[in-house]
Amino acid sequence: MAIQGPIPISFDLLFPHGCYVVGEIGKAKDFDAKGDAQARDKTTGLPIWQVPVMDADPSLKAAAKTVTVKLLAETEPTMPPSLPGLPFTPVEFDAIEVRPYVNQSTGRLAYSITARAMRAPRPMAGGKQSTAGKEAAA
């Protein structure tokens, strides 16, 4: 099989309606270590940070809207500036990978989302925002 390990995916494919930060950026806990050790990515060795985001897809059920994106970065990532009039900050992620795993409590296939960077949505031609900004303007 050609794909071994994490599956690269574009932001627009994963979040076609955009996404919004709905919590704080924090250290991902290393559950195999003692104390408050921060988790590190097994492949790169980079520290893992996590941020909860809400998928703006209107067809999703409420329970499926919020996901955690893990960010691989040496230093704590910073959120882009919020936009006036919006309760949540729209974001986009770069270098996204989806890592499938079996959820031990349910026995079902689940996915972990990792990215290398978080940023404000890019403006598109004509001065419009990219996917997340489109939802904000609606």
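1. The β7–β8 hairpin. In this predicted model, 6 residues lie between strands β7 and β8 in their hairpin. Gly-107 takes a positive phi there, near 75°. The two strands, β7 (residues 96–102) and β8, run antiparallel and are joined by 6 bridges.

2. Strand β8 and its partners. β8 covers residues 109–115. Of its 7 residues, 5 are buried, so the strand is mostly covered under the cut-off of 20% relative accessible area. β8 also pairs with β5 (residues 66–72), this time in the parallel sense, over 3 bridges. Look at Ile-113 in β8. Val-98 has Ile-113 as its bridge partner. Val-69 stands opposite Ile-113 too.

3. The largest nonpolar core. This core holds 17 residues. Val-51, Val-53, Val-69, Phe-93 and Met-118 touch the most other members. Two or more residues come from each of β2 (19–21), β4 (48–55), β5, β6 (89–94) and β8. β4 gives the largest share, with 3 residues.

4. Val-53 in detail. What does Val-53 touch, leaving aside residues up to four places away in sequence? Its contacts include Phe-15, Cys-19, Tyr-20, Val-21 and Val-22. Lys-65, Thr-66, Val-67 and Val-69 are also among them. Val-91 and Phe-93 complete the list.

5. Salt bridge Glu-92 to Arg-119. The count of salt bridges comes to 5. In one of them, Glu-92 pairs with Arg-119, with the closest N and O atoms 2.8 Å apart. Glu-92 sits in strand β6 and Arg-119 in strand β9 (residues 117–119), so the pair ties together parts that are 27 residues apart in sequence. Buried or exposed? Glu-92 counts as buried, at 4% relative accessibility. Arg-119 counts as buried as well, at 18%.

6. Salt bridge Arg-122 to Asp-94. Here the closest N and O atoms are 3.5 Å apart. Arg-122 lies in the loop between β9 and α3 (131–137), while Asp-94 is in strand β6, so this pair ties together parts that are 28 residues apart in sequence. Arg-122 is partly exposed, with a relative accessible area of 48%. Asp-94 also counts as partly exposed, at 24%.

7. The network, and a further pair. Which residues are linked in a network of salt bridges? They are Glu-92, Asp-94, Arg-119 and Arg-122. Another salt bridge joins the side chains of Glu-97 and Arg-99, at 3.2 Å from N to O. Glu-97 is partly exposed, with a relative accessible area of 26%.

8. The chain as a whole. The protein chain has 3 helices and 9 strands. Along the sequence, the pattern reads β-α-β-β-β-α-β-β-β-β-β-α. Of its 138 residues, 33% count as buried. Take the contacts between residues at least 6 apart in sequence: 60% of them join residues at least 24 apart. The accessible surface comes to about 8,700 Å², and 57% of that belongs to carbon and sulfur atoms.

Definitions and conventions. Residues numbered from 1 in each chain as written. Predicted model: local features only at pLDDT ≥ 70, side-chain atom pairs only at ≥ 80, totals over all residues. Heavy atoms only, no water. Buried < 20%, exposed > 50% of the residue type's maximum accessible area, 1.4 Å probe, protein only. Helix = DSSP H or I, 4+ residues; strand = E, 2+ residues; numbered from the N terminus. Pairing = 2+ DSSP bridges. Core = buried A, V, L, I, M, F, W, Y, C linked by side-chain atoms within 4.5 Å. Contact = heavy atoms within 4.5 Å. Areas by Shrake-Rupley, 256 points an atom, 1.4 Å probe, with all protein chains shown as cover. Salt bridge = Lys/Arg side-chain N within 4 Å of Asp/Glu carboxyl O.
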